[in-house]
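Student: I have a chain to read, and I want to know where its labels come from. Can we go through them one by one?

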Amino acid sequence: MSGSVGRAAAALLRWGRGAGGGGLRGPGVRAAGSGGCGGGSAEQLDAMVKKDKVVVFLKGTPEQPQCGFSNAVVQILRLHGVRDYAAYNVLDDPQLRQGIKDYSNWPTIPQVYLNGEFVGGCDILLQMHQNGDLVEELKKLGIRSALLDEKKDQDSK
C-alpha cells in the first residue's frame, strides 16, 4: 500500500473507532459466511457476487474484522451508510479464500464487488471514497451515500 493511501486508511480507522465504532453490523448487513458451500467453483462464486448489489469477501466479519484492511472496507461502507450488503468470511473456508482470488485474478483479501463487478480491495475502495467515485458508483446501484446528506447538512449551516 502506498504511503499516502496507508496514512489515509490509518486516519479512517482512527475516525471509525472514535465515532462509536461498535454496532458495525447495522440493519441489512449479512455476515453470509461461506454457507458451507465449499465456495471454490467459478459457478458458485459467480452466483455469490451477483446475488447482492454489494458483496465483500473479507477476513473476519463486519462486526469483527480480522485484519486492518478488512476493517477499513467495513468502515468505508459504514461511512457511506451502506447497510445492505453480503459479507463472506474467507477465514471460515480455505477453498473460498483461494477460489475468490482465482475468480477475480486479484491476490489479496478483502475484495469488493458492486453489482456483480469486481471493484478491488481496500486501497481501491479507499481511493474511490477519497475522490468521490464511490458516491457515484453507489448511486448507480440505487444507494444514496450518507455522505451526501452530511455534506448537505454542513452546507445549510
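Tutor: Read along the sequence, the pattern is α-β-α-β-α-β-α-β-β-α-α-α. Helices (H or I, at least four residues) and strands (E, at least two) are DSSP runs, numbered from the N terminus. This is a predicted model, where local features need pLDDT of at least 70, side-chain atom pairs count only at pLDDT 80 or more, and totals for chains, interfaces and linings use all residues. Residues are numbered from 1 along each chain as its sequence is written, and side-chain values use heavy atoms, with hydrogens and water left out.

Student: Why are α5 and α6 called roughly perpendicular?

Tutor: Their angle is about 95°. Roughly perpendicular means 65 to 115 degrees (under 35 is roughly parallel, over 145 roughly antiparallel, the rest oblique). So α5 and α6 are roughly perpendicular to each other.

Student: What makes the pair F57 and Y113 edge-to-face?

Tutor: Rings of Phe, Tyr and Trp (its six-membered ring) pair if their centres lie within 6.5 Å; planes under 30 degrees apart are stacked, over 60 edge-to-face, the rest tilted. F57 and Y113 lie 5.8 Å centre to centre, with 80° between the planes. Therefore they pair, edge-to-face.

Student: Why is the pair Y113 and F118 called tilted?

Tutor: The centres are 5.2 Å apart, and the planes make 50°.

Student: Why is Y113 called buried?

Tutor: Buried means under 20% relative accessible area, exposed over 50%, partly exposed in between (1.4 Å probe, protein chains only). Y113 has 1% relative accessibility, so Y113 counts as buried.

Student: Why does F118 count as partly exposed?

Tutor: F118 has 27% relative accessibility, so F118 counts as partly exposed.

Conventions. Axes are lines fitted to C-alpha atoms, for helices over the stretch in contact, and angles run from 0 to 180 degrees between N-to-C directions.
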